[in-house]
Amino acid sequence: MSDKIEIEQVESVDAPPKARVDDVREVFERKRDYLEGFLNQKPEAAPVGGEGGALQAAIVEALKEIYDPEIPVNIYDLGLIYGVEVTDDGHAAVTMTLTTPHCPVAESMPGEVELRVGSVPGVGHAEVNLVWDPPWDPGKMTDEAKLELGML
């Protein structure tokens, strides 16, 4: 088999025909309602309460403004907050602990948390549950808190 290339000299080439929308409509008539269902969809409202809702995020931000008086880290990053639950009607329940049962702020800290959470717009009722099990340990701190305290 020969791999010979032949070259042909030409004076000009006819231009290909231009595509016309009218020509295509004759071949394929597309229905105009193909986007109707998509355009009529309404976006889902972001959940106010519940896991991952805007209200829960606002409560977490409020908790990050409360600092342990002996440690220069907020109580959320310190790992003292075990859970933040928010119902759709704005009831917030915060489960927290303290570094030790003999913590000097054991009497005042839960009250401060309840006041701060209750002051978040959209929270109707705030409840703080102070638990000792599981006990707090430095492993519950965020990396940012560990970095702040020189533990990383």
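Q: Why is Arg-116 called partly exposed?
A: Its relative accessible area is 24%. Buried means under 20%, exposed means over 50%, and partly exposed lies in between (1.4 Å probe, protein chains only). So Arg-116, at 24%, counts as partly exposed. This is a predicted model, where local features need pLDDT of at least 70, side-chain atom pairs count only at pLDDT 80 or more, and totals for chains, interfaces and linings use all residues. Residues are numbered from 1 along each chain as its sequence is written, and side-chain values use heavy atoms, without hydrogens and water.

Q: What makes Arg-116 and Glu-65 a salt bridge?
A: Their side chains meet at 3.3 Å, N to O. The term asks for a side-chain nitrogen of Lys or Arg within 4 Å of a carboxyl oxygen of Asp or Glu. The pair therefore qualifies.

Q: Which parts does the pair of Arg-116 and Glu-65 tie together?
A: Arg-116 lies in helix H4, and Glu-65 lies in the loop between H3 and E1. The pair therefore ties together parts that are 51 residues apart in sequence.

Q: Why does Glu-65 count as exposed?
A: Its relative accessibility is 51%.

Q: What links Glu-65, Glu-112 and Arg-116?
A: They are linked in a network of salt bridges. Arg-116 also meets the side chain of Glu-112, at 3.9 Å, N to O. Glu-112 and Arg-116 are four residues apart in helix H4, so about one helical turn separates them. Glu-112 counts as partly exposed, at 34% relative accessibility.

Q: How many salt bridges does a search of the whole structure find?
A: It finds three. One of them joins the side chains of Lys-140 and Asp-137 at 3.5 Å, N to O. Lys-140 is partly exposed, at 29%. Asp-137 is partly exposed too, at 32%.

Q: What makes Asn-74 buried or exposed?
A: Its relative accessible area is 7%. That is under 20%, so Asn-74 is buried. Asn-74 lies in the loop between H3 and E1.

Q: Which residues is Asn-74 in contact with, leaving aside its neighbours within four places in sequence?
A: They are Leu-63, Lys-64, Ile-66 and Tyr-67. Contact means heavy atoms within 4.5 Å. A polar atom of the Asn-74 side chain also lies 3.0 Å from the backbone nitrogen of Tyr-76.

Q: How do you know that the buried residues of H3 line one face of the helix?
A: The buried residues of helix H3 (residues 54–63) are Leu-55, Gln-56, Ile-59, Val-60, Ala-62 and Leu-63. Seen down the axis of H3, they fall within an arc of 160 degrees, so they line one face. The arc is taken from the directions from the helix axis to the C-beta atoms. What covers these buried residues includes strand E1 (81–86), strand E2 (91–96) and helix H4 (109–118).

Q: How many helices and strands are in the protein?
A: There are five helices and three strands. Helices (H or I, at least four residues) and strands (E, at least two) are DSSP runs, numbered from the N terminus. From the N terminus on, the elements run α-α-α-β-β-α-β-α.

Q: What share of the 152 residues of the protein count as buried?
A: The share is 28%.

Terms used: A polar contact is a pair of N or O atoms within 3.5 Å; within protein, one must be able to donate a hydrogen and the other to accept it, and residues adjacent in sequence count only if both atoms are side-chain atoms.
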